[in-house]
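This report describes one protein chain. Look at the sequence and the structure before reading on.

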Amino acid sequence: MHVQRQIWLVAWLPLLIWIVSGSTALAESEPSNNPSVVERIGSTAKKVGNKIEQGFTKAAKKIEQKKLGEKLERKLKKAARKTREGFEKAGKKIDQKLKQ
């Protein structure tokens, strides 16, 4: 009984190994029309990355064209000047109240 099992294994095991290895080799050699899930996710991620990059490039160009940096600088300087003038005015009023 033990010898028969070994003969069976010796006869059938190589056949099974050959079938499995042949099917994997066949699967690898056939061109895949349907991309795998990982490939689809990868290509989608690349597309999204490209779109984000294009969006940043467009935004940078618009900022350069509209000279937003210069406009922002002028606005900040104006706000600082107005704040300084407001503090000076408030200081003068406080001095006037204290002198009375």
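The text below covers the helices, the surface and the salt bridges.

The model is predicted, so local features need pLDDT of at least 70 and side-chain atom pairs count only at pLDDT 80 or more, while totals for chains, interfaces and linings use all residues. Residues are numbered from 1 along each chain as its sequence is written, and side-chain values use heavy atoms, with hydrogens and water left out.

The chain has three helices and zero strands; helices (H or I, at least four residues) and strands (E, at least two) are DSSP runs, numbered from the N terminus. The order of the elements from the N terminus is α-α-α. Helix α2 covers residues 37-66, which is 30 residues, and reaches 43 Å from its first C-alpha to its last, close to the 44 Å expected. That expected span is 1.5 Å times one less than the number of residues. After α2 comes K67, with a positive phi near 50°.

Buried residues make up 0% of the 100 residues in the chain. Buried means under 20% relative accessible area, exposed over 50%, and partly exposed in between, with a 1.4 Å probe and protein chains only. The accessible surface (Shrake-Rupley method) is about 10000 Å², and 63% of this surface belongs to carbon and sulfur atoms.

A positive surface patch includes K51, K58 and R74 among its residues. Patches are made of residues with over 30% relative accessible area and no salt bridge, and like charges are joined within 9 Å. Lys and Arg count as positive. Helices α2 and α3 (68-99) each supply at least two residues of the patch, and the largest share, five residues, comes from α3. K71, also in the patch, lies in α3 and counts as partly exposed because its relative accessibility is 39%.

How many salt bridges does the structure hold? There are three, where a salt bridge is a side-chain nitrogen of Lys or Arg within 4 Å of a carboxyl oxygen of Asp or Glu. The table lists these pairs.

| Pair | N to O distance |
|---|---|
| E73 and K77 | 3.5 Å |
| R81 and E85 | 3.6 Å |
| E88 and R84 | 3.6 Å |

E73 and K77 are four residues apart in helix α3, so about one helical turn separates them. R81 and E85 are also four residues apart in α3, and E88 and R84 lie four residues apart in α3 too. An α-helix has 3.6 residues a turn, so residues three or four places apart point the same way.

E73 is partly exposed at 42% relative accessibility, whereas K77 is exposed at 55%. R81 is partly exposed at 36%, as is E85 at 35%.

Terms used: Areas by Shrake-Rupley, 256 points an atom, 1.4 Å probe, with all protein chains shown as cover. Patch = residues over 30% accessible without salt bridge, like charges linked within 9 Å, V, L, I, M, F, W, Y side chains within 5 Å. Charge placed at Lys NZ, Arg CZ, Asp CG, Glu CD.
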